[in-house]
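Please read it with the sequence and the coordinates open.

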Number of protein chains: 2
Amino acid sequence: MATIKDVAQRAGVSPSTASRAMHGSKIISKPTRDKVIKAARELNYAPDFNAQNLATKASNTIGVVLPVDHHEIFSNPFFLEMIRGINEVCSKNGSMTTLATGISSDELVHNIDVMIAQGHIRTFILLYSEKDDPVVERLKQFDVQYVVIGKPYQEVNKTSYVDNDNIQAGTDAAQYLIDHGHRRIGFLYSDLSRMVQSDRMLGYQRVMMQNHLPNIMLEERFETHAAGVKTLHKFFEQYPDVTGFVAVDDMLALKLQQVLHNDPDWKVKQFSLIGFNNSIFSDLAHPMLTSIAVFPQRLGEEAAKIAMADHPADELSTAVIVPHQIVKRHSVHQIKSLQ
Amino acid sequence: MATIKDVAQRAGVSPSTASRAMHGSKIISKPTRDKVIKAARELNYAPDFNAQNLATKASNTIGVVLPVDHHEIFSNPFFLEMIRGINEVCSKNGSMTTLATGISSDELVHNIDVMIAQGHIRTFILLYSEKDDPVVERLKQFDVQYVVIGKPYQEVNKTSYVDNDNIQAGTDAAQYLIDHGHRRIGFLYSDLSRMVQSDRMLGYQRVMMQNHLPNIMLEERFETHAAGVKTLHKFFEQYPDVTGFVAVDDMLALKLQQVLHNDPDWKVKQFSLIGFNNSIFSDLAHPMLTSIAVFPQRLGEEAAKIAMADHPADELSTAVIVPHQIVKRHSVHQIKSLQ
DNA sequence: CAAATTTATGCAATCGCTTGCAATAGAGAT
DNA sequence: ATCTCTATTGCAAGCGATTGCATAAATTTG
């Protein structure tokens, strides 16, 4: 591999000049700069990553933290797309992306400790946001920069994050059903301790209230198909006139669809469904799910942009909201209002 | 951050001694070694990654190459699990994992060029295997070590890889249906130019031949539900007595299931289905899919192990086959043989 | 034309760590 | 007691970049 000395020699200058030339320093004359650049190109030169970082003491790699394995969460295609987004902007900026994972919370924290101690991570990006996350604690403790994707649970004002406006998204989803004539709309969720879910629910509740419609909650209990059927039977006993559902994500919507479609009585009723994330699950469903797209790749990109900017210690934190967008497919039907 | 000098000073030795002590060099006396280690621990010392790599000229990071975005492929949870596996063994070995992605093939190759030129990647791991992959060409050209996950398309003997025995898996899947009394079994695929698919098909064909049963192929044409219905109508016209399907992966199986279940005539027939990968899609289906698990995380781990071992230039390549395992759920039914 | 600037370059130190080789000390041999 | 030989340890030179400061060349100025 060509070093800066090779470049310098070929251009007939000293290494320092070469370095400056390649960094576009103003004090190098145009002709030499050109010579150097030409030489560099000819030698296919790229600065040695380690040497550069060592010399500048400013590391250029972004640490991406994956959540501890929680099968359900983890099989979500979401993550990969965020990672892609992050890596996309990083490589464009000559940075690297490196990963932190762990089987258990302890292991993850330990891995992060090591990464911090090795001192070559500029900023961490957490692909998730969790209550009382030990990783966040560690990061704060060592005063390492980080950006979270999702809404922070604590010190919201002090931490930089990228997120969708999930409340608004919840509102939009419910409103969409209302616009299609639905009046009794169920909200399907699985875990309200997760902010995504509770926010979307809040959004749902907001429109429902504004329209003087009742909140109708349905907690996912679909471990098995039979369990799902049972849950729904109970549900419909209590709320017989529900015509549509807002499901807190596509996967849940698909699950719900599966049980609804397997009971002839329910099937004929053609319940309307709307999900979130616009993932592969939306396409897999039949009818295909109308879904709120949230652009995970974009979330990743924005997070990376924040991570790569210079953040003086006293700077205020940054929050970026990535817009969502409803993707209309075939799971929402117009109905004649029942009222 | 503590440097090696700090450690040395605290232990009352020179940096070189400290270095050697921490690497477990034999020529350092036990007492000094202990002193040094103690000091290091007290200072929470970890060697600076960049400095270390610079000094040893032996880079310790593994480059993980993601395939160029091809939505279908990409939304497969598979990848994340492989990445996890890789990272798991890397961090245990004090290595880092870094990613290479690209919107287009050109961009991906360019990114890899840069990574190579920066000279700090020990080995690349390709998470996919493709015919005439420009990435592979580049890697060979620059004589960079790499491991592929999946079966290499060229120079199989010369390249290290990790894969499942997909032929055997195909055989096992078909055999399982045969064991349950099925005699007319369809094989559902989408793209035979992909080795995974063609291998699984080969396996299927093998058992079918051995049992003097006909090969019955069905190419996925399910862009829309209507298209799927049409395709299947044609199919059943030609093969009215098919009772089960081997689908080349879970997602395809789920798609097939969706269209089969939405036609009353088909639904009553209770076709048996078996898929591959045992992904989230298997669980989402109803009835849940019997599926061949292939252990992506394990694939990643094995790939990482190979990648981290020392490979003298003239060494033979390594190939590791990760076993698969049938996961029995509810999508395969026993039937009275028709023969 | 000499002096004072301005402009461009190169020298050498530094980042933190590793490692070949020289230096030291202690033990054993004669 | 002197000499050899090991067993340990430290010195100093890199690894490949960046950067403050000195220096040389070119230009302007008095």
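The numbered points below cover the basis of the model, the pairing of the chains, the DNA surfaces, the helix contacts and the sheets.

1. Basis of the model. This is a predicted model, in which local features need pLDDT of at least 70, side-chain atom pairs count only at pLDDT 80 or more, and totals for chains, interfaces and linings use all residues. Residues are numbered from 1 along each chain as its sequence is written, while chains are lettered from A and ligands numbered from 1 in the order in which they are written.

2. Relation of the two chains.

3. Interface between the chains. Chain B contributes 41 residues to the contact and chain A 42 residues; residues are in contact if their C-beta atoms, placed from the backbone, lie within 7 Å. On the side of chain B that touches chain A, two or more residues come from each of α4, α6 (78-92), β2 (96-100), α7 (105-118), α12 and α14 (280-284) of chain B. The helices (H or I, at least four residues) and strands (E, at least two) named here are DSSP runs, numbered from the N terminus. α6(B) gives the most to this side, with 7 residues. By class, this side has 18 nonpolar, 19 polar and 4 charged residues. In this classification Ala, Val, Leu, Ile, Met, Phe, Trp, Tyr, Cys and Pro are nonpolar, Asp, Glu, Lys and Arg are charged, and the others, Gly among them, are polar. Of the interface residues of chain B, 100% are also interface residues in chain A, so the copies meet through the same surface.

4. Surface near DNA strand C. DNA strand C is surrounded by 26 residues, of which Ser16(A), Thr3(B), Ile4(B), Ser16(B) and Ala55(B) are the closest. A residue is near a strand if its C-beta atom, placed from the backbone, lies within 6 Å of it. At least two residues each are supplied by α2 (15-22) and α4 (49-56) of chain A and by α1 (4-11), α2 (15-22) and α4 (49-56) of chain B. α4(B) gives the most, with 5 residues. The surface divides into 12 nonpolar, 10 polar and 4 charged residues.

5. Surface near DNA strand D. Around DNA strand D there are 24 residues, and Thr3(A), Ser16(A), Ser19(A), Ser16(B) and Thr17(B) come nearest. The elements that give two or more residues are α2 and α4 of chain A together with α2 and α4 of chain B. Here α4(A) gives the most, with 5 residues. The residues divide into 11 nonpolar, 10 polar and 3 charged.

6. Helices α2 and α3 of chain B. α2(B) packs against α3 (residues 30-43) of chain B at an angle of about 90 degrees, with the axes 9 Å apart. Axes are lines fitted to C-alpha atoms, for helices over the stretch in contact, and angles run from 0 to 180 degrees between N-to-C directions. The two helices are therefore roughly perpendicular to each other, a term that covers 65 to 115 degrees. Thr17(B), Ala18(B), Ala21(B) and Met22(B) of α2(B) meet Thr32(B), Arg33(B), Val36(B), Ile37(B) and Ala40(B) of α3(B).

7. Sheet of chain B. An open sheet of 6 strands has the order β7-β6-β8-β9-β10-β12 in chain B, with mixed pairing; strands pair if DSSP finds at least two bridges between them. Its edge strands, β7 (216-219) and β12 (325-327) of chain B, each pair on one side only. Strands β9 (residues 272-276) and β10 (residues 290-293) of chain B pair in the parallel sense over 3 bridges, and Phe276(B) stands opposite Ile292(B) in β10(B). Helix α12 (residues 250-261) of chain B packs on the sheet, touching β6, β8, β9 and β10 of chain B.

8. Strand pairs in chain A. β10(A) and β12 (residues 325-327) of chain A run antiparallel and are joined by 3 bridges. Gln325(A) in β12(A) is the bridge partner of Ala293(A).

Conventions: Angles under 35 degrees count as roughly parallel, over 145 as roughly antiparallel, 65 to 115 as roughly perpendicular and the rest as oblique. Two residues are in contact if their C-beta atoms, placed from the backbone, lie within 7 Å.
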